[in-house]
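Welcome! Please take a first look at the sequence and the 3D structure below, and then we will walk through some of the details together.

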Amino acid sequence: MSDQNLAVVKKIYQCFAEDDISGMLEYLTEDITWDHGGNDYTPESPINKLWEGKSGAQSFFETLSDTQDVLAHDVHEFFTSENKVAVTGFYKGRVKKTGKEFSSDWAQVWEFENGLAKAWKLTFNFTAEALAYK
């Protein structure tokens, strides 16, 4: 099962690179939890929070697109274990309103159910991102 899940994660990243959000959503369960907040949900950032459901994930990507320019989204390594896929990478963005740039290495953990992503959690420098919104 982990090989199938890995293939799905790679397709999701390909869709993100091609700005195909509707394509990405096809690989998510209706009740996915999309956690882009880490341990500290920062009010300065409109995206650092827990988004729930496929519609929440779509809202996350709409808000991301409305508020940030993605300058780099590099995927480095993949690790699989049963129903989970962990991925490491690097992100650099610019907040449109302030023009401030930020960057961070990241780790993302995907959890799967019946071939679809059921949960996504990001570990990232949320403080740098939030400060870029100020």
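Is Trp34 buried or exposed? Trp34 is buried, because its relative accessible area is 2%; buried means under 20% relative accessible area, exposed over 50% and partly exposed in between, with a 1.4 Å probe and protein chains only.

## Before we start

This is a predicted model, in which local features need pLDDT of at least 70 and side-chain atom pairs count only at pLDDT 80 or more, while totals for chains, interfaces and linings use all residues. Residues are numbered from 1 along each chain as its sequence is written, and side-chain values use heavy atoms, with hydrogens and water left out.

Helices (H or I, at least four residues) and strands (E, at least two) are DSSP runs, numbered from the N terminus.

Which residues does Phe61 touch, leaving aside its neighbours within four places in sequence? They are Phe16, Ile21, Met24 and Trp34, where contact means heavy atoms within 4.5 Å. Helix α1 also holds Asn5, which counts as buried because its relative accessibility is 1%. Not counting residues up to four places away in sequence, Asn5 touches Glu82, Asn83, Val85, Phe112 and Gly115.

## Aromatic rings

The structure holds 16 aromatic pairs. Rings of Phe, Tyr and Trp (its six-membered ring) pair if their centres lie within 6.5 Å; planes under 30 degrees apart count as stacked, over 60 as edge-to-face and the rest as tilted. The Trp34 and Trp110 pair is edge-to-face, because the ring centres are 5.6 Å apart and the planes stand at 75°. This pair links distant parts of the chain, with Trp34 in strand β1 and Trp110 in strand β5, 76 residues apart. Trp110 is buried, with a relative accessible area of 1%.

Ring pairs also link Tyr13, Phe16, Trp34, Trp51, Phe60, Phe61, Phe78, Trp106, Trp110 and Trp120 into a cluster. Some rings have a charge over them, meaning that NZ of Lys or CZ of Arg is within 6 Å of the ring centre and within 35 degrees of the ring normal. Lys10 lies over the face of Phe78, 5.1 Å from the ring centre, and Lys49 over that of Trp51, at 4.3 Å.

## Strands side by side

Two strands pair if DSSP finds at least two bridges between them. The antiparallel strands β4 and β5 are joined by eleven bridges, and Gly89 has Trp106 in β5 as its bridge partner. Their hairpin has five residues between the strands, and Gly99 takes a positive phi near 75° there. Strands β5 and β6 also pair in the antiparallel sense, over seven bridges, with Trp120 in β6 as the bridge partner of Trp110. The hairpin of β5 and β6 has two residues between the strands, and Asn114 in the turn has a positive phi of about 55°.
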